[in-house]
Amino acid sequence: MIHALLTRVGGTDWETIRLPLVLGLLALVPPVVFREGATYVSRLIILAAIFATLAMALNIVFGHTDQLFLFVGALTGIGAYTTALSAEAFGVSPWATLLVGAVLTGVIGALVCYVAARLQFTVILIAILTLALQFAVIEFFVGARDITGGSTGLIFSGLGFESLQEGFGIHEHVILYYLVLALLGATFAFYEWLRNSTYGLAFDAIRQDEVAAESIGVDVVRYKVLAGFTSAFIIGLVGPLYAQLEGFVIPGLFEFQVIDVLVLIILIVGGMRTLLGPLVGAGLVIWIDEGLASTGEWRTVIFGALLIVLFLYFRQGVVPFADRILNDRFRTRERIATWRES
Amino acid sequence: MEFAIDGITQGLVLALLGLGITIVFGLGGVLNLSIGVFSAIAVVIAIELLGITSSLPLSIVLAVVAVTGLGLVVDKSLLSFVYRSEGEERVLLGIFVTLGLATLLDGLLVIARPSSYSLSVGVPSTTVFGAQIRGSSIAIIVISLALFAGLYYFFRRTYLGRATRTVLQDETGAVLCGISPRKMRTLVFVLSASIAAVAGILYSFTQQVGAAEGFELTILALIVSIVGGVTSIVGAVAAGLVLGLIATFTSAYVGAYVAEIALFAAAIVALLLQPEQVA
């Protein structure tokens, strides 16, 4: 309905204004919702934004090139640990080493994709490979105590603007929120550009028929590696921000059950290969998860049941589902009219 | 020598776990990520029953039967939905649905019994050729070898077992021979549930098993299955033994966490060396 309304009233195309509109609305969240002393709510909102960005990264690599990364948690951790540890080692601020972590994570993602593409791994094989990597990496975080601090981890708080916080009395969550939002906005805008570029076209071709794509000159390995690097790079940037929110870097933050399961649900629930799916999914899933907190110990049980139902019946995702309903209910007549005119 | 026996003991349990993944994936294309929770449930039920019946063998048998029943329920309900889709979509749906199931069962287990347990076998240690063998090791070796022999007999000699292998090799051919793949899949899933239950109980002879260990067991099972070639039954058994030995020796000489990483490394190497077998 909003869709049709906007097209009629503004005359502008919904496709072009939806991202700026959504980001603009999201920018208004801190002054409206964040309250001094209510860090619980602001933390959840930042967390949702973080997971939306992670889900978007997975959307690029899994949704568009069929490479199922089940080591998003490990990549997030590698980004966070690399940034924190290299900042400590060089005695600089984590701001300076943010890119080091992201680039390393990106290279790991690219490497995995390169090997997988070369050996012509199916989606299930990449899933198993990355799952094994996920657990190996977490095991390393816990075990290599001399480097990572083991399960007690490291304290991490370098990604703030102390001067802004103290000078203007702005809460650290507000600053962090805008940082995450900037990354989210950049990622989503990049995705929008990607889909309409030749890369997007090549990804579609590869996903639909790899052999056919190869035969018309699409370099399948190259595009898969590019997708892997891009997604892992974004995940590597999210890592330190996630650590900043939690205040420390510990292996438990990056476990499969903590990150990957949630990111997968968010992407599937929101809708794969859609622009707003990861965002809607993240909001919805974090909200549901919080709502279930009142059920106490039954939370995991209900969450598991919900997972099964969602995967069995809502695999196409909420955004495509809503889109279909809106189109069918409200735009059918309109479309017939325009069709007759042409 | 003691390490070798420990390794073999651990390897046999790993082999059982891997087998649970292998037969279901080989036959139905479903990667059962909830298998470790089945094992954990079996241990918890066995502990509960032990308090009532005060007979360890009886409790173990009843626990295995209970988990087998759970397997049947899961197959008839959830997996029916999964088998409706085909090819790669079925594989993905299988992963997601069993992941959801693992979360659900895990949550239930935490509510019912949040701690981890180990069963004591009550078999005395003995000395063979100058090496001290723990009672638990003897029990594990005897029980798992008996189970492997039974499975071997089932898959090689009985009509039902052969029918299952037919579906594994050629589904269309099986249908033409009048074998229903769906029925065979149910049979194999139920079988895998009971194997997982036995594996969990044997595992609890030497380690603590409970809700927290469920997913860990799944991952172990997955590794064994991958190294064994995912659809090969003999491969899973061999992989279990090799990995058990690797894990025990690295753990003894290098360190526990290196041993864990070695297991994952073995899985990754196996994946890279023989992808066509796994797919």
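Let's start where the two chains meet: 36 residues of chain B are in contact with 30 residues of chain A, where contact means that two C-beta atoms, placed from the backbone, lie within 7 Å. On the chain B side, α3 (56-83), α4 (87-112), α9 (214-227), α11 (256-273) and α12 (275-278) each supply at least two residues. The largest share, 17 residues, comes from α4(B). Sorted by class, this side of chain B has 30 nonpolar, three polar and three charged residues. Here Ala, Val, Leu, Ile, Met, Phe, Trp, Tyr, Cys and Pro count as nonpolar, Asp, Glu, Lys and Arg as charged, and the others, Gly among them, as polar.

Before going on, keep in mind that this is a predicted model, in which local features need pLDDT of at least 70 and side-chain atom pairs count only at pLDDT 80 or more, while totals for chains, interfaces and linings use all residues. Residues are numbered from 1 along each chain as its sequence is written, and chains are lettered from A and ligands numbered from 1 in the order in which they are written.

Now for chain A as a whole. You'll find 17 helices and two strands in it; helices (H or I, at least four residues) and strands (E, at least two) are DSSP runs, numbered from the N terminus. Chain A has a radius of gyration of 21 Å, close to the 20 Å that the globule rule gives for 342 residues, so it is as compact as a globular protein of that length. That radius is taken over C-alpha atoms, and the rule is 2.2 Å times the number of residues to the power 0.38. Of the 342 residues of chain A, 46% count as buried, meaning that 20 or more other C-beta atoms lie within 10 Å of the residue's own, whereas 12 or fewer make a residue exposed and anything in between partly exposed, with C-beta atoms placed from the backbone.

Next, zoom in on one helix, α16 (residues 299-313) of chain A. Its buried residues include A:Phe303, A:Leu307 and A:Phe311. What do the buried residues of α16(A) pack against? They pack against α14 (256-270) and α15 (277-291) of chain A, together with α3 and α4 of chain B.

Finally, look at A:Leu70, in the loop between α4 (39-65) and α5 (72-90) of chain A. Is A:Leu70 buried or exposed? A:Leu70 is buried, because 25 other C-beta atoms lie within 10 Å. Leaving aside residues up to four places away in sequence, A:Leu70 touches A:Ala127, A:Thr130, A:Leu131, A:Gln134 and A:Asp260.

Conventions
Expected span 1.5 Å × (residues − 1).
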